[in-house]
Amino acid sequence: MDPKKNLKKFCRFSVDARVYNGVVRGNMVDIVEGDLFGDLSDMRMSFPVDHIKFLPPIIPTKIWCVGVNYASHMREMGHEPPREPLIFMKPRTTVIGSGDPVRVPEWAGRVDYEGELAVIIGRKGRNISEFEALSYVKGYSCYNDVTARDLQTDNHWIRAKGFDTFGPFGPSILVTERLPDDTKITTRLNGNVMQQDMISSMIFPVSRIISYISGFATIEPGDVIATGTPAGVGRVKPGDRVEVEIDGIGALINPFISD
Ligand code: MG
């Protein structure tokens, strides 16, 4: 039996200018009451996915990102192997949902997509061991760590990574503590596959990343950790469409427009 079959795919969505929490079930979204970090109860009312607008599945508490976490991407960027996870953050004003446009100012120069697996933290913790780290996970989603590559020469990366709309996230959160090692992540640019790898190719696995971050900062419910991108990053221009798809979660799809 497919172990992912009975897992919930939590989402937030709008229809007719009203906002709901939902659970994706095939081509339908069921309205649920409650919240992701508590109990969810079915409201026995559904909409076809085509009739709704996905919103970011949560508004993150904090957004952590890991740089250089796949060997293939490390080689393409000419980086040295990292001895410990390279952590940076993005502001909450980067967050948009699936279907929302990424706005690219011309002065930003070259802008790249970076398809990534996002981890959603479910409970508060500090100094967490790798062994217990996954018990702090609420679920997983798709993330696009949009980056103004020409501006990444700032040594803090905040400007290059922190433009409004540079953090598409969603469409749903697969509620589980652990994903199978062979879970595949794929990024498409205008329908063409540009990135594809298994999450097991990460240099630092999710458990190590959580343990590392919690060694210096408290992680909280609603923290999102984008876990790094595989090889194949590339330029995206206004008029393009980028899709980040992860097995069992779905596809995060965003058009890029000029700002
Ligand atoms: Mg990245």
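Author: Happy to! A polar contact here is a pair of N or O atoms within 3.5 Å; within protein, one must be able to donate a hydrogen and the other to accept it. Please keep in mind that this is a predicted model.

Reader: With that in hand, which side chain does the side chain of Lys 90 make a polar contact with?

Author: Lys 90 is found in the loop between strand 7 (86–89) and strand 8 (95–96). The side chain of Lys 90 also reaches a backbone oxygen, that of Phe 166, at 2.8 Å. Its side-chain partner, at 2.6 Å, is Asp 145.

Reader: Is Lys 90 buried or exposed?

Author: Buried means under 20% relative accessible area. The relative accessible area of Lys 90 is 4%, so Lys 90 is buried.

Reader: Which residues are the protein donors of the magnesium ion?

Author: In sequence, the donor residues follow the spacing E-x1-E-x28-D. The donors lie 2.0 to 2.1 Å from the magnesium ion, and they are Glu 114 (OE), Glu 116 (OE) and Asp 145 (OD).

Reader: Moving on to strand 11, how many of its residues are buried?

Author: Strand 11 covers residues 115–121. Gly 115, Leu 117, Val 119 and Ile 121 point one way, while Glu 116, Ala 118 and Ile 120 point the other way, and all are buried. Strand 11 is therefore largely enclosed by the rest of the structure, with a buried count of 7 of the 7.

Reader: Which residue in strand 17 stands opposite Ala 118?

Author: Strand 11 runs antiparallel to strand 12 (residues 137–144), joined by 7 bridges, and there Ala 118 stands opposite Ser 141. Strand 11 also runs antiparallel to strand 17 (residues 224–226), joined by 3 bridges. In strand 17, the residue opposite Ala 118 is Ala 226.

Reader: What is the order of the strands in the open sheet of 3 strands?

Author: The pairing in this sheet is antiparallel. Its edge strands, each pairing on one side only, are strand 13 (147–148) and strand 18 (234–235). Strand 10 (residues 111–113) pairs with strand 13 over 2 bridges, and Val 111 stands opposite Ala 148. The order is 13-10-18.

Reader: Now for the inside: about how much space lies in the largest cavity?

Author: The count comes to 1 cavity of 30 Å³ or more. The lining has 16 residues, and those nearest the centre are Gly 67, Val 68, His 73, Glu 114 and Trp 157. Strand 6 (63–67) and helix 1 (71–77) are the elements that give two or more residues to this lining. The space in the largest cavity is about 90 Å³.

Reader: What is phi of Val 68 near?

Author: Val 68 is found in the loop between strand 6 and helix 1. With 9% relative accessibility, Val 68 counts as buried. Its phi is positive, in a residue other than glycine, and is near 50 degrees.

Reader: Is Asn 127 buried or exposed?

Author: Asn 127 lies in the loop between strand 11 and strand 12, and phi of Asn 127 is near 50 degrees. Its relative accessible area is 55%, so Asn 127 is exposed.

Terms used:
Residues are numbered from 1 along each chain as its sequence is written. This is a predicted model: local features need pLDDT of at least 70, side-chain atom pairs count only at pLDDT 80 or more; totals for chains, interfaces and linings use all residues. Side-chain values use heavy atoms; hydrogens and water are left out. On a 1 Å grid over the protein atoms alone, a cavity is a set of points where a 1.4 Å probe fits but cannot get out, and a pocket is an open set with protein on both sides within 12 Å along at least five of seven lines; lining residues have an atom within 4 Å of a point. Grid points are joined across faces, edges and corners, and a volume is the space filled by probe spheres set on the points. Helices (H or I, at least four residues) and strands (E, at least two) are DSSP runs, numbered from the N terminus. Donors are N, O and S atoms within 2.8 Å of the metal (3.2 Å for Na, K and Ca); water is not among the atoms, so sites may look incomplete. Two strands pair if DSSP finds at least two bridges between them. Buried means under 20% relative accessible area, exposed over 50%, partly exposed in between (1.4 Å probe, protein chains only).
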